Amino acid sequence: MTATQPVQTRTSIVRVVGASLVGTTVEWYDFFLYGVAASVVFGDLFFPKGEQLTGTLLSFATFAVGFLARPIGGVVFGHFGDRLGRKQLLVLSLLMMGLATFAIGLLPTYAQVGALAPILLTVLRLIQGFALGGEWGGAVLIVSEHGDPARRGFWASWPQAGAPAGQLIANGVLAGLAAFQSDAAFNAWGWRIPFLLSAVLVLVGLWVRLRIEESPVFKEAQSKQEPADKLPLLEVLTQYPREVLTAMGARMAENVSYYIFTIVIATYAKEHLGMGKSFALNAVLIGAAVHFFAIPLWGALSDRIGRRPVYLIGAIGVGVWGFLFITLVDTKNFALAALAVTVGLVLHGAMYGPQASFFTELFGTRVRYSGVSVGYQLASIIAGGLAPFIAVALLKAYDSGYAIAIYIAVCAVISIVAVTSYSETHRRDLTTL
């Protein structure tokens, strides 16, 4: 029995990690697909004709709307996740995201139905945001609460790798369509294909997720009758206010830099530098592939030296790299642009890799789903949700990418302060929290 136990444990954690990774990949594919499409085609298709950057700003405004729904999704999913368990809510979030994305692929354009087009687009974006708000917390928790505490940073970083995996698939599909279609064909109907393909990915994700078991840490707490005795959100806000603020501050540099390195670059290259769609899409494609492998490596390093040192490497790194990023992209040289995105994403991975375990270790089991979701998603509104909009507005106002680099640097300072002001967490026992 003793001889086979490690094998069973490893098989179990690998299955759980696989299920979380597949699910988060599908959800991030859906979410980022919208972001890339917003930067490339939505401004022309769903809003009145006008000055190009203005249409893009309106398109990014609907992108930001999805982030407004994320904390609501985090609260709702967190509430039931802390009472009913992680698994059921993960299945529901994946299904909601997939249906909303598929529906976007069927939407009529502004030329066909006028103002109804952006309204429908906004509603579906809200559903996407609501679903993703509940997805992240459950995905990282079910892994963190299954795995070996000594390797928690490594195992919990794999659901995080779903972000670049989803970005990789979304950009890959769009880049492939852009390469083999004319701009007219792509704008007319080609952009719909990736959204409709989401249905296939969701079916695969659901099949995998339905086969995993509930978190053992949650089941142990439930057997001791330790669910929150009031609204988990209220308990989080009254007992863990510092932890919520720490999570929010830590996310600023991570969230803002990511959307600038992967989404804003498409608008910057197209509108400011006059480059074709494939220039930025292919650069992000290369960067996302490296990012996928960098995230678990940073997570593993955080198991050895702690969450804080690794996180600070990333925060300081992106704050400095933002300026070099603009310099390299401004050369209009594809190799240098790909290098700019890749290095930026590797540095981002130093924050994103240990983030899942770091945030998990901030909250007690009774309210952990609510805690990580609220801290993570509240920051999404002011960080990731506004990042494309603020970056494009700065570009429009100053006609220089270095204004965007300053924006990244300011956010990096906020994250550095948040992380350094909190104690190290990587040796905490989740069962006693």
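A salt bridge, as I use the term today, is a side-chain nitrogen of Lys or Arg within 4 Å of a carboxyl oxygen of Asp or Glu. Please keep in mind throughout that this is a predicted model.

With that cut-off, the side chains of glutamate 235 and arginine 366 qualify, because their N to O distance is 3.1 Å. This pair links distant parts of the chain, since glutamate 235 sits in helix 11, residues 232-239, while arginine 366 lies in the loop between helix 15 and helix 16, 131 residues apart.

The structure holds nine salt bridges, and another of them joins glutamate 145 to arginine 368, with the closest N and O atoms 3.0 Å apart. Here too distant parts of the chain are linked, glutamate 145 being in the loop between helix 5 and helix 6 and arginine 368 in helix 16, residues 368-385, at a separation of 223 residues. Both glutamate 145 and arginine 368 are buried, and the two belong to a network of salt bridges that also takes in Asp82 and Arg86.

I turn now to helix 6, residues 152-160, and its packing. The axes of helix 6 and helix 13, residues 277-305, come within 7 Å and cross at roughly 155°, and because angles over 145 degrees count as roughly antiparallel, that is how these two helices run relative to each other. The crossing of helix 6 past helix 13 is right-handed. On the helix 6 side the contact includes Phe154 and Trp158, and on the helix 13 side the residues include Phe292, Ile295 and Pro296. Taken by class, the residues of this contact divide into six nonpolar, five polar and two charged.

With helix 7, residues 162-180, helix 6 packs at an angle of about 25°, the axes being 5 Å apart, and the two helices are therefore roughly parallel. Trp158, Pro159 and Gln160 of helix 6 make this contact with Gly162, Ala163 and Pro164 of helix 7, and the classes here are four nonpolar, two polar and no charged residues.

Methods
Residues numbered from 1 in each chain as written. Predicted model: local features only at pLDDT ≥ 70, side-chain atom pairs only at ≥ 80, totals over all residues. Heavy atoms only, no water. Axes fitted to C-alpha atoms, helices over the stretch in contact; angles between N-to-C directions. Helix = DSSP H or I, 4+ residues; strand = E, 2+ residues; numbered from the N terminus. Parallel < 35°, antiparallel > 145°, perpendicular 65-115°, else oblique. Left-handed = near helix turned anticlockwise from the far one by under 90°. Contact = heavy atoms within 4.5 Å. Nonpolar A, V, L, I, M, F, W, Y, C, P; charged D, E, K, R; others polar. Buried < 20%, exposed > 50% of the residue type's maximum accessible area, 1.4 Å probe, protein only.
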